[in-house]
Amino acid sequence: MGENATYIEAGNCVGKKKISQTGIKVNCNGGEKPTFGSHNMGIINKVQYTSVDDMFSGDSLSECNLFSGKWVFDNTSYPLYKEKECKFMSDQLACNKFGREDLSYQNWRWQPHHCDLPRFNATRLLERLRNKRMVFVGDSLNRGQWVSMVCLLDSSIQDPNLKFMNYNGSNLISFKAVGYNASIEFYWAPLLVESNSDDPVNHKLPERIVRSQSIEKHARFWTDADILVFNSYLWWRRPHIKVLWGSFEDKNGIYKEVEMLRSYEMALKTWSDWLEIQVDRAKTQLFFISMSPTHER
């Protein structure tokens, strides 16, 4: 995928290329291509910071294992934003609004063992996103990440005329930071490839069907993005997924029940093949998040 792109999976990277993501170089060990459904993945073991702006401190300014650390309670600098103050907060994620009282979970932050992470700076991030388009693609877990990102940035833009949300009823919803010409967007595609669950509102169907070799319907909305953050896993958690060869409109399409891991692998191959061909590797940074905790009780 080139020097400016890689696959990141739950703290792992696939491939052994060095990359640069917002001033951070990551050294990876592993094979050249992803092997889905196996453990052939290299772990990000060292992160080297190349920008003074990152302002990390600790025993070593040049190296720090971000994935070796612990969660610490911080009621001084956290939370970074308050739910009720973010006008872009979704009701699906508004725990406080709908009666949750134990909000102390918002005060936990990650503390690496051998360095200190700088406090989040919304203005600095917006500067890095100036004239750029960042797109989160996936299911409601990634939508939650997108909403949180929007709320983090919202507080730093005081003029209400310099920020707005654009939603036309399609799968794509965008937050615009006008003064920075920056766009932070979310695109609903819970299985990444085309499926019968693609409607952003009416998608809870008794039977899940995917066109594992069809992604262009969604992907044409991502092509020119500068940063792409994908996730997909929870919607595959069924013993079998029905795979369709043909279109949903074609009565002669071929349907086959496929074991979950195999159908997931088929879809990820379609996704990764599309990225290899269609994404400008000198421009676009790629991230992939697989398994995450659910957001339901």
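A: Buried means under 20% relative accessible area, exposed means over 50%, and partly exposed lies in between, with a 1.4 Å probe and protein chains only as cover. This is a predicted model, in which local features need pLDDT of at least 70 and side-chain atom pairs count only at pLDDT 80 or more, while totals for chains, interfaces and linings use all residues. Residues are numbered from 1 along each chain as its sequence is written, and side-chain values use heavy atoms, with hydrogens and water left out.

Q: Why is Arg133 called buried?
A: Arg133 has a relative accessibility of 14%, and the limit for buried is under 20%, so Arg133 counts as buried. Glu185 is buried as well.

Q: What makes the contact of Glu185 and Arg133 a salt bridge?
A: A salt bridge is a side-chain nitrogen of Lys or Arg within 4 Å of a carboxyl oxygen of Asp or Glu. For the side chains of Glu185 and Arg133 the N to O distance is 2.8 Å, so the pair meets the definition.

Q: Which parts of the chain does the pair of Asp224 and Arg133 link?
A: The side chains of Asp224 and Arg133 also form a salt bridge, at 2.4 Å from N to O. Asp224 sits in the loop between helix 3 (216-219) and strand 17, whereas Arg133 is in strand 11, 91 residues away. Asp224 has a relative accessible area of 46%, so it is classed as partly exposed.

Q: How do you know whether Asp154 and Lys163 are buried or exposed?
A: Asp154 has 5% relative accessibility and therefore counts as buried, and Lys163, with a relative accessible area of 10%, is buried too. These two residues form a salt bridge whose closest N and O atoms are 2.6 Å apart. Elsewhere, salt bridges that share partners join Arg133, Lys176, Glu185 and Asp224 into one network, and a search of the whole structure finds 12 salt bridges.

Q: Why are strand 12 and strand 20 said to stand at the edges of their sheet?
A: Helices (H or I, at least four residues) and strands (E, at least two) are DSSP runs numbered from the N terminus, and two strands pair if DSSP finds at least two bridges between them. The open sheet consists of 6 strands in the order 12-13-14-11-17-20, with mixed pairing. Strand 12 (163-167) and strand 20 (285-289) each have a single partner strand, so one side of each is left without a neighbour in the sheet.

Q: What makes strand 11 and strand 17 a pair?
A: Strand 11 (residues 133-138) and strand 17 (residues 227-231) share 4 bridges in the parallel sense, and the requirement is at least two, so they count as paired. Within this pairing, Val137 has Phe230 of strand 17 as its bridge partner.
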